[in-house]
Amino acid sequence: MERNITLIALFAALIAALAMLPKFMLASGVPITAQSLGIMLAGTLLGPKRGALAVLLYLGLAAVGLPILAGGKGGLAPFMGITAGYLAGFVAAAFVAGLLAQKWREKGGAILPALAAFIGGIVVLHAFGIVGMAAYADVSLAAASVWAVPFLIGDAIKAVLAGLITQAVMRARPGLAKA
Amino acid sequence: MISLTSETRTPYHSWRAGPKLAAMCLFTLGFFFVDSAIWAALVLVFVAGLYLLGGMRFAREGLRNLRPMLWICGLIFGWHLYRGEPLPGFIAVAKLTVAVSLANLVTMTTQLAALLEVLERAMKRIGISAALRGRVALAIALVIRFIPVLGEKGGYLAQAWRARSPKRAGWRLFFPFALIAIDDAEQVADAIRARGGVTEAE
């Protein structure tokens, strides 16, 4: 139990630390940071339940006012704005990435965890983000999808990194997957 | 740890966090169904007035927090304008601005501790056991402990890399960084267990 709590807290902190790494802004005002790499890793390394809980804890602390979201943002404002869909999608992204990574864990390698990170951290996350953007900006889903396109290259690189890091960490600390 | 609460005292600082949050949620939800540009403009003026009631310094601070939204609002309005729908564009931008501004107002005028208390009360009200609430409180404390520790350890790793290589470290540091962090978490878990551990939930 203690181990699960500390690992969940650690990954919430790790996402926050990655979100604070140097970033650059897109024209839509959304910062590109390593935050989503943290979300992918929470899922692929901790599994679906602990990964999603780590993300939930991270979002909860950001909501109560810690400036730990990408670009040093925090508080309730990001949850009420155009990025709200992405923030809600973080939890689902970690859960799906974790579920797939856990299912494919036996097969080893870096490709399957990268694929799990890709499906969770890109397909699922952007599905939530695009619906959120379309709802807030009162535009069609197709238009909101166009706004999401510039993220994709960076996110694909992060999914590959998540696969490589997951493989290396699981080889060094195989006990991590055990709840 | 830095929080986003404003140092400039306003009447809103003394309001209780729970009702303030409830009012923000209800107002934002109600405004979401407004489809009139005149009402949208009036509500925008009302929200600007709420900031100005806190004084010019407070309003300027609030405006500074909201500045990153300018690009998004420009993009949304520009998109609607391009499609020949300026009024729906204005209403969409007004809704977004009001929702974000009110949320920002609550964050700027509510202490972190007060919001954590609301969270604790909400968990109690929906029937989450004391043991589980205790575990959430422990996890929050651990995150606040881990963030600066991770920053420090990441800094040491980067220094060690720079001392040995003229190349930029970049992503190569992620793996040792993750291992150090995981080992640290395992040690903290052992330390908690050695001191009696956490109470199991019923």
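Student: In what kind of crossing does helix 2 of chain A pass helix 5 of chain A?
Tutor: This is a predicted model. Helix 2 spans residues 35-46 of chain A and helix 5 spans residues 84-104 of chain A, and their axes come within 7 Å and cross at roughly 35°. The crossing in which helix 2 of chain A passes helix 5 of chain A is right-handed.

Student: How many charged residues are there in the contact of helix 2 of chain A with helix 5 of chain A?
Tutor: Helix 2 of chain A contributes Ile39(A), Met40(A), Ala42(A), Gly43(A), Thr44(A) and Leu46(A), while the residues from helix 5 of chain A include Phe90(A), Phe95(A) and Gly98(A). By class, ten residues of this contact are nonpolar and three are polar. The number of charged residues is none.

Student: Which helix of chain A gives the largest share of the side that touches chain B?
Tutor: The contact between the chains involves 43 residues of chain A and 53 residues of chain B. At least two residues each come from helix 1, helix 3 (48-63), helix 4 (77-80), helix 6 (111-137) and helix 8 (152-172) of chain A. The largest share, 13 residues, is that of helix 1 of chain A.

Student: How many residues of the side of chain A that touches chain B are nonpolar?
Tutor: On the side of chain A that touches chain B, seven residues are polar and four are charged. The nonpolar residues there number 32.

Student: How many charged residues are in the contact of helix 1 of chain A with helix 7 of chain B?
Tutor: Among the residues making this contact are Ile5(A), Ile8(A) and Leu10(A) of helix 1 of chain A, and Arg135(B), Phe146(B) and Gly154(B) of helix 7 of chain B. The contact has 16 nonpolar and three polar residues. The charged count is one.

Student: What describes the relation of helix 1 of chain A and helix 8 of chain B to each other?
Tutor: Helix 1 (residues 2-19) of chain A and helix 8 (residues 174-194) of chain B pack with their axes 8 Å apart, at an angle of about 140°. Only angles over 145 degrees count as roughly antiparallel. The two helices, helix 1 of chain A and helix 8 of chain B, are therefore oblique.

Student: How many charged residues take part in the contact of helix 1 of chain A with helix 8 of chain B?
Tutor: Helix 1 of chain A supplies residues including Glu2(A), Arg3(A) and Leu14(A), and helix 8 of chain B supplies residues including Glu186(B), Ile192(B) and Arg193(B). Eight residues of this contact are nonpolar and one is polar. The number of charged residues is four.

Student: How far apart are the end C-alpha atoms of residues 112-136 of chain A?
Tutor: An unreviewed UniProt entry annotates residues 112-136 of chain A, among other spans, as "transmembrane region". Over residues 112-136 the chain is 100% helix and 0% strand. The end C-alpha atoms of this span lie apart by 35 Å.

Student: How far apart are the C-alpha centres of domain 1 and domain 2 of chain B?
Tutor: The domain assignment of chain B gives domain 1 as 11-111 and domain 2 as 128-194. The separation of the C-alpha centres of these two domains of chain B is 37 Å.

Notes. Residues are numbered from 1 along each chain as its sequence is written. Chains are lettered from A and ligands numbered from 1 in the order in which they are written. This is a predicted model: local features need pLDDT of at least 70, side-chain atom pairs count only at pLDDT 80 or more; totals for chains, interfaces and linings use all residues. Axes are lines fitted to C-alpha atoms, for helices over the stretch in contact, and angles run from 0 to 180 degrees between N-to-C directions. Helices (H or I, at least four residues) and strands (E, at least two) are DSSP runs, numbered from the N terminus. Angles under 35 degrees count as roughly parallel, over 145 as roughly antiparallel, 65 to 115 as roughly perpendicular and the rest as oblique. Two residues are in contact if their C-beta atoms, placed from the backbone, lie within 7 Å. Ala, Val, Leu, Ile, Met, Phe, Trp, Tyr, Cys and Pro count as nonpolar, Asp, Glu, Lys and Arg as charged, and the others, Gly among them, as polar. A crossing is left-handed if the near helix is turned anticlockwise from the far one by less than a right angle, and right-handed if clockwise. UniProt positions are given in the numbering used here, feature names are shortened, and annotations may be inferred rather than shown by experiment. Domain bounds come from an automatic or database domain assignment.
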